[in-house]
Amino acid sequence: MAFTRATGKHRAPGRLSRRSVQVAGIAALATAGVVGATASPAHAAGIQDSPALAAGTQASTVLAAESGGPVAEATGLSQVTAIGSGLAVQIDAQARAQRHQADLAAKAKAAAEVKAKAKAEAKARAEEARQAEARAARAAERARLNAFRLPVAGSYVTTGYRSGGSLWSSGSHSGVDFRAASGSTVVAVGTGTVVEAGWGGAYGNNIVIRMTDGTYTQYGHLSSIDVQVGQGVTPGARIGLSGSTGNSTGPHLHFEARTSPQYGSDMDPVAYLRSHGVRL
């Protein structure tokens with residue numbers, strides 16, 4: 001009896017056709033496995049209990065291994081999703097850390113700028129205060145040097161200017177006499193330079209000072225002299241001690257104000273001292 005080869009729909013599929021069907025089935029089963037993994041636990045358990053789906057999952061694993069790709073566990077797509085989610089969390093945490101560090105750096109920079117500004121302002125205030133203090137000191141020194149005072153502290157005039165009598169060779173008093181016990185301190189009435197210091201004839205021991213305003217002052221009948229020619233003096237500086245040397249009837253200080261160092265250029269000593277702020 002002769003046999004003929006089956007044809008039509010009863011024909012056995014070719015090797016290539018069987019391979020295509022097998023791949024398609026594996027892909028379907030793999031998809032079903034993935035979907036099952038994302039479904040409810042009961043549903044997922046039911047799928048895992050299915051022999052067909054288990055076979056599909058195993059087949060997808062074998063196929064992935066044959067194709068050289070990574071071999072995933074039963075839930076391949078879920079694992080990729082989980083890895084992606086973890087990486088996103090790490091990136092987000094790193095970004096937050098970087099923002100935090102940037103905020104800290106910005107705050108530190110702002111604090112440093114505030115501190116530097118405060119330091120600069122404090123330095124400027126200190127410098128301003130120093131300059132103000134220096135200006136005040138200079139002003140005080142100028143005021144001190146420009147100030148005038150009595151030649152004998154707390155004294156007063158006993159014989160006035162231009163008083164007449166036989167006691168004076170010129171017929172009148174060329175200065176004023178200040179009350180001063182012997183040995184009383186005599187001071188410069190203002191700032192100036194000593195131009196004469198020694199014996200002055202009728203004036204006895206005397207000192208002549210050229211004042212900074214160009215006028216001259218004279219101090220006579222001294223018992224001692226404490227300065228020398230060329231020496232600078234300031235208001236209140238001690239220049240000698242009062243006495244009764246020269247043409248004198250007793251201890252006192254003879255004081256003159258002049259326009260020149262020579263005798264005869266005298267002017268009113270009281271008016272002179274008052275013009276420089278001295279009260280007497």
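A contact is defined here as heavy atoms within 4.5 Å. Among contacts in the protein chain between residues at least 6 apart in sequence, 58% join residues at least 24 apart. The structure is a predicted model, in which local features need pLDDT of at least 70 and side-chain atom pairs count only at pLDDT 80 or more, while totals for chains, interfaces and linings use all residues. Residues are numbered from 1 along each chain as its sequence is written, and side-chain values use heavy atoms, with hydrogens and water left out.

The protein chain contains five helices and ten strands; these are DSSP runs numbered from the N terminus, helices (H or I) having at least four residues and strands (E) at least two. Of its 280 residues, 27% count as buried, where buried means under 20% relative accessible area, exposed over 50% and partly exposed in between (1.4 Å probe, protein chains only).

Three aromatic pairs were found in a search of the whole structure. The rings of phenylalanine 148 and tyrosine 272 form an edge-to-face pair, because their centres are 5.9 Å apart and their planes stand at 80°. Rings of Phe, Tyr and Trp (its six-membered ring) pair if their centres lie within 6.5 Å; planes under 30 degrees apart count as stacked, over 60 as edge-to-face and the rest as tilted. This pair links distant parts of the chain, 124 residues apart: phenylalanine 148 lies in the loop between helix H4 (76–146) and strand S1 (157–159), and tyrosine 272 in helix H5 (residues 269–275). Phenylalanine 148 counts as buried because its relative accessibility is 13%; tyrosine 272, at 6%, also counts as buried. Elsewhere, ring pairs link Phe178, Tyr219 and Phe255 into a cluster.
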